[in-house]
Amino acid sequence: MDWTTAFWLVAPGLATGLGGLGLLLVRSPRDRVLDTLLGVTGGIMSAAAVFSLFVPALEQGTVAEVVAGFLVGAAVLAAFDAYIPHVHARFSERDHTREHRRATLMLSALTIHNLPEGLAVGVAFAAGGTELGVPIAVAIGLQNIPEGFASAAPLLAAKASAWTAVGFAAATGLVEPPAALLGYAVAESATSLLPAALAFAGGAMVYVVVDELLPESRERGNEREATGGFVVGFAVMMLLDNALG
């Protein structure tokens, strides 16, 4: 592994901290803004799964391998969702006395969320080098910025300090670099599994979008804003994939 690859495996997970820094400037983001950002995140993740994971998987493997990888990836995330204590709704129950408990459970949820993103980056570099890996690393990094901002914003409403919120945002992405390195190592050592591995990462990401991001972005009645954000995010990822791929 060269230094360029190592950088791209680690960098996307650090981008959540950049999003958290935005809370130093915007102390009370409106609900519409947060829901729009969740929509953007969902759009980028969906497009990344389609163009940077499923399409290369189908080019390198059989339909059966890709479908199997997709189903297993979604099933693994469903198992995490069922058996690991966490909360989905970031913006409900703003009870200050329960905020520390909720922050812990929220961090657990975001760890589940970010695990497949890290795996996706690692597998993409193993499968196609920088040509395939850089676009998805950039996509994951871009969507992590609004994700970090949106995930930490409720802490400000619960009277946490701005720097506590920034630290929380940064912490949510810490699982991604180890997951990326793991995905890269496993895919490098078992090249015959690359198509299924790409589809596995894509299935896990799709599960997160459908199970978590889309419902949460519509929870407070801002469906149009969330949908607009999704469309913009999807379009941005299509442009990036064409420009960098």
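1. Let's start with L21. At 37% relative accessibility, L21 counts as partly exposed, because that label covers everything between buried (under 20% relative accessible area) and exposed (over 50%), with a 1.4 Å probe and protein chains only. L21 sits in helix α1; helices here are DSSP runs of H or I with at least four residues, strands are E runs of at least two, and both are numbered from the N terminus.

2. A word on the source: this is a predicted model, where local features need pLDDT of at least 70, side-chain atom pairs count only at pLDDT 80 or more, and totals for chains, interfaces and linings use all residues. Residues are numbered from 1 along each chain as its sequence is written, and side-chain values use heavy atoms, leaving out hydrogens and water.

3. Now the overall picture. The chain has eight helices and zero strands. Of its 245 residues, 51% are buried. Take the contacts (heavy atoms within 4.5 Å) between residues at least 6 apart in sequence: 85% of them join residues at least 24 apart.

4. Have a look at α6, residues 176-189. Its 14 residues reach 20 Å from first C-alpha to last, close to the 20 Å expected at 1.5 Å a residue (that is, 1.5 Å times one less than the number of residues). Which residues of α6 are buried? They are E176, P177, A179, A180, G183, Y184 and A187. These cover an arc of only 160 degrees around the axis, so they lie on the same side of α6; the arc is taken from the directions from the helix axis to the C-beta atoms. The face turned away from that buried side carries L182 and S189, both exposed.
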